[in-house]
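The following exercises are intended for a reader who meets this structure for the first time. Each sets a task and then works through a solution step by step.

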Amino acid sequence: MSTLASTALATARGKPAKKDSAMAAPTPDARKKKPGMSMSFSFGRAVNVAGITLFTRQLATLVNAGMPIVRSLETLAKQEKNLRFKAVLDSLADSINSGGNFSDGLMQHPKLFDRLYVNMIKAGEAGGVLGTVLDRLAKFMEKAQKIKGKVKAAMTYPVIIGFVAVGIVTLLMVVVIPKFKEVFTSMLAGEKLPWLTQQVITISEFMQHRFLICLGIGIGAFILFRMFAATKFGTSCIHWMQIKAPAFGPLFLKAAIGRFTRTLGTLLASGVPILQAITITRDTSGNVHVAHALDVVHDRVKEGDNVAKPLEATKVFPSMVSSMIEVGEETGALPDMLSRIADTYDEEVDNAVGALTSIIEPIMIVCMAGAAGTIVIALFLPIIKIMEKMSKGGG
């Protein structure tokens with residue numbers, strides 16, 4: 001990043017700094033090209049959110065250093081190692097050279113640049129503050145990535161521990177239990193095994209001889225869940241559980257509030273009209289219940305109401321959020337207030353992730369110990385019986 005910034009600064013010193021939205025004058029050859037002409041199918045890795053975030057940060061650095069947007073895109077394209085994204089950057093540069101705006105080129109790639117991204121760039125171009133908007137957009141994406149990563153980390157830990165627990169139990173049931181069963185059969189011929197031991201052996205035999213059935217049940221359950229989640233009702237149920245479930249619910253809700261307030265605040269600070277900003281925030285909320293609440297807010301604001309009152313009426317967000325938004329509206333500093341709310345909830349997400357991890361760890365250990373302990377006790381009971389039998393025989 002420092003090398004890229006140094007190059008941009010050196011270039012800027014050689015030429016007078018242009019306005020943020022400045023564009024290189026299209027050449028006669030360039031005018032003949034159509035927007036997106038260089039975009040063709042190419043092999044390479046898929047472009048992820050982290051790659052778009054890095055691109056935005058680098059572009060903001062170059063534009064703020066005084067480099068025209070076209071030259072900035074061409075510079076980044078030359079350094080890009082991902083062939084797919086390199087083709088996208090070439091397409092964006094060609095679109096501008098052909099007389100279009102940067103936002104027009106971005107609209108040709110909706111899978112990479114969502115409505116939030118495009119509308120913020122469009123507002124930056126209209127206000128002549130493209131560099132400022134790019135910097136604001138880069139900060140927004142970096143913070144969003146950070147929070148998303150922390151929420152994923154909180155979810156990943158119990159999933160990994162769960163897979164380890166299932167693997168250990170499966171190994172015991174498929175490999176260890178059959179060996180002990182042979183010993184019990186030979187040493188306790190004709191005698192009834194303890195109830196717990198018999199149940200464990202029955203489960204072990206089922207897993208051995210009907211492994212494909214078990215696998216099919218697991219795959220079938222996963223497929224049914226995905227089909228259910230793809231329905232409107234299923235999505236609503238899952239999203240409701242995300243924000244209402246014990247332990248994890250508060251974490252998801254805080255992350256959703258942080259995302260909503262930061263998105264809306266960033267859009268408003270960039271000059272996007274309030275109704276359009278609410279619509280974009282709704283589309284990028286990631287939760288249907290939050291989206292429905294923002295639908296209500298949009299309709300009320302369209303009728304002349306403010307944001308705080310209808311937001312509180314939805315009962316989705318805590319009253320503190322609506323109260324702070326109301327203060328921001330009264331003081332005329334709504335974007336700043338939304339950013340403060342987002343910072344507060346991002347910090348709360350950090351604390352919630354730490355607390356949740358500290359709670360999950362002992363719970364998962366107890367569950368693993370309980371499963372393994374049950375199997376050990378089931379094996380130990382017949383061993384006691386065998387020892388008693390041998391003791392009586394010896395006596």
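## Exercise 1: A network of charges

Task: Identify the residues that are joined in a network of salt bridges.

Solution. In this predicted model, the network of salt bridges links Arg57, Asp135, Lys139 and Glu142. By the rule applied here, the structure has a count of 12 salt bridges.

## Exercise 2: The partners of Asp343

Task: Determine which residues form salt bridges with Asp343, and which parts of the chain are tied together.

Solution. 

Step 1. One partner is Lys143, with the closest N and O atoms 3.6 Å apart. Asp343 belongs to helix α17 (residues 334-394) and Lys143 to helix α8, so this pair ties together parts that are 200 residues apart in sequence.

Step 2. Another partner is Arg262, whose side chain meets that of Asp343 at 2.7 Å, N to O. Here helix α17 holds Asp343 and helix α12 holds Arg262, so the parts tied together are 81 residues apart in sequence.

Step 3. Next comes the surroundings of each residue. Buried means under 20% relative accessible area, and exposed means over 50%. Asp343 has a relative accessibility of 37%, so Asp343 counts as partly exposed. Lys143, at 35%, is also placed in the partly exposed class. Arg262 is buried, because its relative accessible area is 9%.

## Exercise 3: Arg300 and Asp305

Task: Describe the contact between Arg300 and Asp305, and state whether each residue is buried, partly exposed or exposed.

Solution. 

Step 1. The two side chains, of Arg300 and Asp305, form a salt bridge with an N to O distance of 2.7 Å.

Step 2. Arg300 has a relative accessible area of 31%, so Arg300 is partly exposed. For Asp305 the value is 25%, which means that Asp305 is partly exposed as well.

## Exercise 4: The largest pocket

Task: Give the volume of the largest pocket and describe its lining.

Solution. 

Step 1. Several helices each supply at least two lining residues: α3 (49-64), α7 (115-127), α8 (130-187), α11 (232-244) and α12 (248-269). Helix α8 provides the largest share, with 10 residues.

Step 2. By residue type, the lining of the largest pocket comprises 18 nonpolar, 10 polar and 10 charged residues.

## Exercise 5: A nonpolar surface patch

Task: Name the residues of the nonpolar surface patch, and classify Phe222 by its accessibility.

Solution. 

Step 1. The patch is formed by Phe211, Leu212, Leu215, Ile219, Phe222, Ile223, Leu224 and Met227, which together have about 860 Å² of accessible area.

Step 2. Phe222 is located in helix α10 (residues 211-230). Its relative accessible area is 49%, so Phe222 is partly exposed.

## Exercise 6: The setting of Val133

Task: Is Val133 buried or exposed, and how far is its C-alpha atom from that of Met120?

Solution. 

Step 1. Val133 is part of helix α8. With a relative accessible area of 1%, Val133 is buried.

Step 2. Val133 and Met120 are 13 residues apart along the chain, and their C-alpha atoms are separated by 6.8 Å.

Technical notes. Residues are numbered from 1 along each chain as its sequence is written. This is a predicted model: local features need pLDDT of at least 70, side-chain atom pairs count only at pLDDT 80 or more; totals for chains, interfaces and linings use all residues. Side-chain values use heavy atoms; hydrogens and water are left out. On a 1 Å grid over the protein atoms alone, a cavity is a set of points where a 1.4 Å probe fits but cannot get out, and a pocket is an open set with protein on both sides within 12 Å along at least five of seven lines; lining residues have an atom within 4 Å of a point. Grid points are joined across faces, edges and corners, and a volume is the space filled by probe spheres set on the points. Helices (H or I, at least four residues) and strands (E, at least two) are DSSP runs, numbered from the N terminus. Ala, Val, Leu, Ile, Met, Phe, Trp, Tyr, Cys and Pro count as nonpolar, Asp, Glu, Lys and Arg as charged, and the others, Gly among them, as polar. Patches are made of residues with over 30% relative accessible area and no salt bridge: like charges are joined within 9 Å, nonpolar side chains (Val, Leu, Ile, Met, Phe, Trp, Tyr) within 5 Å. Accessible areas come from the Shrake-Rupley method with a 1.4 Å probe; for residues, only the protein chains shown count as cover. A salt bridge is a side-chain nitrogen of Lys or Arg within 4 Å of a carboxyl oxygen of Asp or Glu. Buried means under 20% relative accessible area, exposed over 50%, partly exposed in between (1.4 Å probe, protein chains only).
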